Amino acid sequence: MVDLSLLRESLEVVGSDGGHVGRVDHVHGDQIELAKLDLASGFKHHMIPVSWVHHVDAHVHLNLTAAEAKARWTEKS
């Protein structure tokens, strides 16, 4: 079980391959909103589910590669 209390603003989100996905802006229930002021995001807010989080230390590590996460994230409306 992932300790979601460790999720905090500005933590870098990385894929299982170590690739940069984005930075945490906010956590909304079971969704993580990524900061839009990040080159990887195309300067748009994107949402990823908390269920993708493998573990949290100095970074948020996903159980998908960076490319998989970017292919499956949703743009915040």
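**Close-up 1. Lys44 and its salt-bridge partner Glu75.** Lys44 has a relative accessible area of 42% and therefore counts as partly exposed, a class that lies between buried, under 20%, and exposed, over 50%, when a 1.4 Å probe is used and protein chains only are considered. The model shown here is predicted, so local features need pLDDT of at least 70 and side-chain atom pairs count only at pLDDT 80 or more, while totals for chains, interfaces and linings use all residues. Residues are numbered from 1 along each chain as its sequence is written, and side-chain values use heavy atoms, with hydrogens and water left out. Glu75 and Lys44 form a salt bridge in which the closest N and O atoms are 4.0 Å apart; the term means that a side-chain nitrogen of Lys or Arg lies within 4 Å of a carboxyl oxygen of Asp or Glu. Because Glu75 belongs to strand E7 and Lys44 to the loop between E3 and strand E4 (46–49), the pair ties together parts that are 31 residues apart in sequence. Strands are DSSP runs of E with at least two residues, numbered from the N terminus.

**Close-up 2. The salt bridge between Lys76 and Glu33.** A search of the whole structure finds two salt bridges, and in this one the closest N and O atoms of Lys76 and Glu33 are 3.2 Å apart. Since Lys76 lies in the segment after E7 and Glu33 in strand E3 (residues 31–34), the pair ties together parts that are 43 residues apart in sequence. Lys76 is partly exposed, at 40% relative accessible area, whereas Glu33 is buried, at 2%.

Close-up 3. Two strands pair if DSSP finds at least two bridges between them.

Close-up 4. Strand E5 (residues 53–56) runs antiparallel to strand E6 (residues 59–62), to which three bridges join it, and the two form a hairpin with two residues between them. Within this pair, Val56 stands opposite Val60 of E6. Strand E1 (residues 12–14) also pairs with E6, in the parallel sense and over three bridges, with His61 in E6 as the bridge partner of Val14.

Methods
Helices (H or I, at least four residues) and strands (E, at least two) are DSSP runs, numbered from the N terminus.
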